[in-house]
Amino acid sequence: MVLTENQKLSINSKSENILLVEKLVEDVCDVFNVPEDYYGNILVAVTEAVNNAIYHGNKSNPGKQIEIQFRSKKDSLQFTISDQGEGFDHSSLPDPTDPQNLEKPHGRGVFLMR
């Protein structure tokens, strides 16, 4: 894949397509010389966003699309993830660091992305 300053990747809502997203993040970080310290954080944030789009936004419907857009600016990289779901209010999510939520198997994605 030849990267430009503005790149889009559209995938079906299938978990195996996460590999394509991981490859995009790896390529972006290589081309733009992202320090290894940041690579892991970018990978977690972007793959978490795509996983949420697959499972929560598009309800695992393989007929629905997820769009991953990458933009390079002077001193930053930006990833935007869009799905075909109804959306949600991310400010009203439970705090995953609250002791009553620590044992729950889900609910950390948005926290990790932040």
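The model is a predicted one, so local features are taken only at pLDDT of at least 70 and side-chain atom pairs only at pLDDT 80 or more, while totals for chains, interfaces and linings use all residues. Residues are numbered from 1 along each chain as its sequence is written, and side-chain values use heavy atoms, with hydrogens and water left out.

Overall, the chain holds 3 helices and 3 strands; these are DSSP runs numbered from the N terminus, with helices being H or I of at least four residues and strands being E of at least two. Going along the sequence, the pattern reads β-α-α-β-β-α. Of the 114 residues, 31% are buried, where buried means under 20% relative accessible area, exposed over 50%, and partly exposed in between, using a 1.4 Å probe and protein chains only. The accessible surface of the chain is about 7700 Å², and carbon and sulfur atoms account for 50% of that; the areas come from the Shrake-Rupley method with a 1.4 Å probe, and for residues only the protein chains shown count as cover. Taking contacts (heavy atoms within 4.5 Å) between residues at least 6 apart in sequence, 58% link residues at least 24 apart.

The three strands make an open sheet in the order E1-E2-E3, paired antiparallel. Strand E1 (6-12) and strand E3 (76-82) sit at the edges, each pairing on one side only. Direction ignored, neighbouring strands of this sheet are turned by 15° against each other on average. Pairing here calls for at least two bridges found by DSSP between two strands. As a general point, strands of a sheet pair through backbone hydrogen bonds, either parallel or antiparallel. Between E1 and strand E2 (residues 65-73) there are 7 antiparallel bridges, and Asn6 has Arg71 of E2 as its bridge partner. E2 and E3 are likewise antiparallel and joined by 7 bridges, with Arg71 standing opposite Gln78 in E3. The link from E2 to E3 is a hairpin through 2 residues.

Two helices pack against this sheet. Helix H1 (residues 18-31) lies across E1, E2 and E3 and runs at about 165° to E1. Helix H2 (residues 36-57) also packs on the sheet, touching E1, E2 and E3, and its direction makes about 15° with that of E3. For these angles, axes are lines fitted to C-alpha atoms, for helices over the stretch in contact, and values run from 0 to 180 degrees between N-to-C directions.

H1 has 14 residues and spans 20 Å from first C-alpha to last, close to the 20 Å expected at 1.5 Å a residue; the expected span is 1.5 Å times one less than the number of residues. Its buried residues are Ile18, Val21, Leu24, Val25, Asp27, Val28 and Cys29, and the buried residues of H1 pack against E1, H2, E2 and E3.

Some backbone angles deserve a look. Most residues other than glycine have a negative phi. After H1 comes Asn33, with a positive phi near 50°. In the loop between H2 and E2, Lys59 has a positive phi near 50°, and Ser60, in the loop between H2 and E2 as well, has one near 60°. Lys59 counts as exposed because its relative accessibility is 62%, whereas Ser60, at 35%, counts as partly exposed.
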